[in-house]
Amino acid sequence: MDNVQDVFQETPQDVFRPPPMWRVFLREHWLHLLIVAVLIVLPHAIGWITGDSPFGRVRGSRVIMAGESTYWQAIFIEMFSLAVLVMSYNLMFGFTGVISFGHALFFGIGGYAVGIVVQYWDVDPNLAFIAGVLLVIFITSILGLLIGLLSLRLRGIYFAIFTLAIAEMAWLYAGSWRLTRGEDGLTINRLPEWIDPERSRLMVYYIGLALFVTAFLVIRRLVRSPAGAVFQAIRENEDRAKAIGYNTLRYKLLSIVVASVLAGLAGILMGILNKSARPELLGVTYTVDALLITIIGGVGTLAGPVVGTAGLHLLELWVRDSSIILSLNLGLFEFTLNFSQDWILIIGVVFVVVVLVFPYGLVGTWYRLRARVGDWWERRRATT
Amino acid sequence: MTDIILQSHSLRKEFGALVAVDDVDMSIRQNTLHSIIGPNGAGKTTFFNLLSGKYKPTGGRVMFKGQDITDMPFHRRAHMGIGRSFQITNIFPNLTILENVRLAAQAVSPQAFNFWGTVVHHKDLIDRAMHVLDIVGLAGDSLRLASVLPHGDKRKLELAILLAPDPDVLLLDEPTAGMASEQVPEIIGTIDNISKAHDKTVVMVEHNMSVVMGISDVITVMDQGRLLAEGTPSEIANNKTVQDVYLGRLYGDADELIGKDA
């Protein structure tokens, strides 16, 4: 025992062996991995069940996008785009406490900028497309930075109104400008083949999935970093954050710029899917959707926007497709509720109910409930 | 012990026609507990806000360790080693108690703008936060949300937030404001402990007279924006002008203040 090595081997640190890395990783991420795995096989699974090829149907010499699998691919591509938009909004609103009513500005810029570059720039479509994506990243980050700088002067609701004004201005311009083809919107038909949803939708699906996963990971990484902890401090109490020594503007800018770029990328995906960029992309509807879905899913939670987007989108799809008709005859009044026609009313009612039942959003309320049950369990164990 | 750490030179603040702080010269020595008292409207909170950087003075200078900090922005002062509290309780309500303090420790660390690492991997900051929570006696509750704490403990949490970056000077704005009187001795004991056992300079604006008399090394009395008197607690208690102008209005006998009858 006079060997130093032997003495050290007796210390408790050596007796305790942490579980292997992969097991820690699996325990923390099994749900994430499961969801990604399901999304990867989904088009093929649907194709296998329904007998429709995930690559579309062959009609003579052409392949057309028909059948169940490609139909669901389009729905999921739209969901990926919306989920990224909502997640980016949540980074700003839910984690940093910056309220913007003009987030669709970046979404629309994504669709329009790529559209304009591929339609008007007469080069190889691959080059044009990549240049378009880079241009979107460039414009959205610069614009996000400029708008973010104004948050120094404008706080809270004033900042929100300012962003609304900018986005509405862009919406008006896009609807009347010749370059953007006015109200009709800009048709995007010069996309390279590999990303054309009418020719290789499965590829667009996987690109959308990759964007979705990347955005989730980037935001997750960001909010768990030291700088991300400051985001939440700013949301809670910006003056306090300043008093303990944070230059809060710097952190708000980081959050706003990342959110803007992600919204721009989501807009590109939407533009590709629709093969057009229309003024609606810049409209307040998308911002409000992002805001409401964030609230429904859980403000300031990572999973909230994803759960909210998926839940709401699939619900809307089901309600619009359903043939449920409720009739109520009260003699004088006859009240009829046709689900597929009055879908927006049904969604509205669901919204209200969800907000009432889950005051912190679906995911947020679940977390709180879990924490409270855990607390109660701990206390029970401590007393007995 | 007698080094001057914080100093004001003819510091002045006007709000329109009102002169809230009228050419005040004050020196605060290192490792002392220096209280500023005065009746309502004496300008003590304004003076405090000039020291902390919340207000820009109309005239005069603020020196910290011989460096002019008059025009230094709010957040930079924390990096210099000045921590300040607020009159109203000011914490991050929906974060855990540990996170409240950890954020304050992170603010002055090189990790502050790190956006790629993970918070839990910077164990030094967590250790620092736990150490400070231990000093104020909140370590046992570290994982609860700050919003669930009773008011007295919230003020202790504020002290922990101030202490976390290991500042040289603590500026406390009415640390006993809004507290039930039975909680006051506890928080005062904590402040006393911080200043004496942990070698901090504490500058405290206070309303509660008995609190100040018990623990201060130096007391400055302000009235109508000016310095009225400065000295040890017993000097202040026996100062005729102070008795007339301020103490006399509140207390009949100055002896009561220094606790001779207790």
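Trainee: In β5(B), which residue is the bridge partner of B:Met63?

Mentor: The model is a predicted one, and in it B:Met63 is bridged to B:Asp68 of β5(B). As a general idea, strands of a sheet pair through backbone hydrogen bonds, either parallel or antiparallel. Here β4(B) and β5 (residues 67-68) of chain B pair in the antiparallel sense, over two bridges. The two strands form a hairpin with two residues between them. B:Lys65 sits in that turn and has a positive phi of about 50 degrees.

Trainee: In what order do the strands of the six-stranded open sheet of chain B come?

Mentor: Read across the sheet, the order is β6-β7-β8-β3-β9-β10 in chain B, and the pairing is mixed. β6 (82-84) and β10 (226-231) of chain B each have a single partner strand and stand at the edges, so one side of each has no neighbour in the sheet. From one strand to the next, the twist averages 15 degrees.

Trainee: How many bridges join β7 and β8 of chain B, and do they run parallel or antiparallel?

Mentor: Strands β7 (residues 169-173) and β8 (residues 201-205) of chain B run parallel, with five bridges between them. In this pairing B:Leu171 stands opposite B:Val203 of β8(B).

Trainee: Which strands does helix α1 of chain B lie across?

Mentor: Helix α1 (residues 44-52) of chain B lies across β3 (33-37), β6, β7, β8 and β9 (218-223) of that chain. Relative to β7(B), the helix runs at about 145 degrees.

Trainee: Into which domains is chain B divided?

Mentor: The assignment gives domain 1 (1-81 + 170-191 + 201-262) and domain 2 (89-166). Their C-alpha centres lie 27 Å apart. The contact takes 10 residues from domain 1 of chain B and 10 residues from domain 2 of chain B. On the domain 1 side, α2 (74-80) and α6 (184-197) of chain B each supply at least two residues. The largest share of that side, three residues, is from α6(B). By type, the domain 1 side divides into five nonpolar, four polar and one charged.

Trainee: Which residues of the largest nonpolar core touch the most other members?

Mentor: In soluble globular proteins, nonpolar side chains tend to be buried together. The largest core here has 159 residues, and those touching the most other members include A:Val84, A:Leu262 and B:Val101. Helix α4 (residues 68-95) of chain A gives the most to this core, with 16 residues. Domain 1 and domain 2 of chain B both give residues to the core, so it lies between them. Beyond its neighbours within four places in sequence, A:Val84 is in contact with residues including A:Leu211, A:Phe212 and A:Leu262.

Trainee: How many residues of chain A are in contact with chain B?

Mentor: 22 residues of chain A are in contact with 29 residues of chain B. On the chain A side, α8 (201-223), α9 (226-236), α10 (238-243) and α11 (248-274) each supply at least two residues. α9(A) gives the most, with eight residues. That side divides into 10 nonpolar, six polar and six charged residues.

Note on methods: Residues are numbered from 1 along each chain as its sequence is written. Chains are lettered from A and ligands numbered from 1 in the order in which they are written. This is a predicted model: local features need pLDDT of at least 70, side-chain atom pairs count only at pLDDT 80 or more; totals for chains, interfaces and linings use all residues. Two residues are in contact if their C-beta atoms, placed from the backbone, lie within 7 Å. Helices (H or I, at least four residues) and strands (E, at least two) are DSSP runs, numbered from the N terminus. Ala, Val, Leu, Ile, Met, Phe, Trp, Tyr, Cys and Pro count as nonpolar, Asp, Glu, Lys and Arg as charged, and the others, Gly among them, as polar. Two strands pair if DSSP finds at least two bridges between them. Domain bounds come from an automatic or database domain assignment. A nonpolar core is a set of buried Ala, Val, Leu, Ile, Met, Phe, Trp, Tyr and Cys residues joined through C-beta atoms within 7 Å. A residue is buried if 20 or more other C-beta atoms lie within 10 Å of its own, exposed if 12 or fewer, and partly exposed in between; C-beta atoms are placed from the backbone. Axes are lines fitted to C-alpha atoms, for helices over the stretch in contact, and angles run from 0 to 180 degrees between N-to-C directions.
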